[in-house]
Amino acid sequence: MRQFYIVDEVGATFYFDYRSSTLITGIDGIGVTRENTYLDYSGTYKLANRINPRTQITGTLIFLKGYAGYTNFLNYLKNVKGSLRLFYKADNLKYAYVEVAFLEKTEISYGVLQCAITFDKLSMWLSKVSHTISVNETEDNKVFPFRYPFTYSSSYNGEITVVNNGCVRAPVRIEIIGKTNSPTVEIIKDGVVVSKMRLLITSNNTSDVIVVNSEVTEQEMTLTYNGTTTNIYQYQDFTSDNFLFLDVGTYRVRFTPGVSEYSICKFQFIEMYEGN
């Protein structure tokens with residue numbers, strides 16, 4: 001059974017099901033839309049450029065509680081904080097950034113209220129993929145793997161295999177927890193390092209958290225210690241890429257903390273899909 005719900009930036013959620021007594025039906029616009037440009041070679045055409053334009057998702061809301069349900073939905077929209085995401089689950093859960101562009105108001109018929117709704121779709125369909133690399137380096141550089149709860153893949157010798165199943169390269173978010181000395185994260189393809197993050201910083205506390213986020217709208221490079229977050233942009237190794245992206249395909253990811261202490265690297269990227 002398909003599921004739909006919307007969530008704002010602070011997690012406030014409106015479910016289109018029995019929990020809100022509001023259903024959604026007749027959904028259109030969740031498939032693939034492309035604008036293709038071709039070159040004409042004497043009647044034979046070759047693709048020159050392809051873009052995914054901004055589109056709309058339409059449907060009909062059925063308010064089982066009539067006008068009271070309609071008002072409840074309006075109150076939710078009024079209190080939305082920040083960006084709005086529409087989540088859709090059929091076989092897999094994905095989401096897209098949206099804005100409500102149109103909401104109809106009609107008459108109650110047979111005890112329910114049916115109103116057309118239109119969302120402006122502001123992104124491709126997205127799916128967050130998370131991995132955790134847990135390592136403990138001894139002083140003679142031997143590395144022992146640890147399994148960490150809620151990982152999607154276990155690490156070995158500070159390395160994991162990751163796969164970007166989307167259709168375009170994915171921005172990467174790195175979160176390092178624990179003591180480090182010039183920590184490094186490398187993306188490797190066929191034994192060759194294709195991209196690398198390296199920070200020229202020493203972290204001496206097990207509770208320190210370093211975050212490097214490549215997402216364009218949320219880009220950051222910070223260190224959090226004792227609840228205080230500071231920008232560490234100036235401590236990056238400028239000979240490295242640092243803000244990482246993962247191309248489509250299979251890669252190895254290697255985390256080197258640079259200390260003989262237990263540390264964790266959370267490697268997260270956002271797969272992007274044309275349709276859902």
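How many residues does helix H1 have, and how far does H1 reach from its first C-alpha to its last? Select residues 67–78 to find out: H1 has twelve residues and reaches 16 Å, close to the 16 Å expected at 1.5 Å a residue. Keep in mind as you look around that this is a predicted model.

**Around the helix**

Stay on H1 and colour Gly69, Tyr70, Phe73 and Tyr76, its buried residues. Now turn the view to look down the axis of H1: these buried residues fall within an arc of 120°, so they line one face of the helix. An α-helix has 3.6 residues a turn, so residues three or four places apart point the same way. On the other side of H1, pick out Ala68 and Lys78, which are exposed.

Next, show what covers the buried residues of H1. The cover includes strands S1 (3–7), S2 (13–15) and S6 (55–63), as well as S7 (84–89), S8 (93–103) and S9 (113–121).

**Into the largest pocket**

S8 leads us onward, as one of the strands that supply at least two residues each to the lining of the largest pocket. The others to display are S10 (125–137), S13 (170–178) and S23 (262–273). S23 gives the largest share of the lining, four residues. The pocket has a volume of about 550 Å³ and is lined by 22 residues. To centre your view, select Tyr97, Ser123, Leu126, Glu215 and Met272, which lie nearest its centre.

**Last stop: Asn164**

Finally, go to Asn164 in strand S12 (residues 159–164). Asn164 is buried, with a relative accessible area of 2%. Its side chain reaches the backbone oxygen of Leu246 at 3.0 Å. Among the residues Asn164 touches are Arg169, Asp247, Phe269 and Glu271.

Methods. Residues numbered from 1 in each chain as written. Predicted model: local features only at pLDDT ≥ 70, side-chain atom pairs only at ≥ 80, totals over all residues. Heavy atoms only, no water. Buried < 20%, exposed > 50% of the residue type's maximum accessible area, 1.4 Å probe, protein only. Polar contact = N/O pair within 3.5 Å; in protein donor to acceptor, adjacent residues only side chain to side chain. Contact = heavy atoms within 4.5 Å. Expected span 1.5 Å × (residues − 1). Arc of directions from axis to C-beta. 1 Å grid on protein atoms, 1.4 Å probe; cavity = no way out; pocket = protein on both sides within 12 Å on 5 of 7 lines; lining within 4 Å. Points joined across faces, edges and corners; volume = space filled by probe spheres on them.
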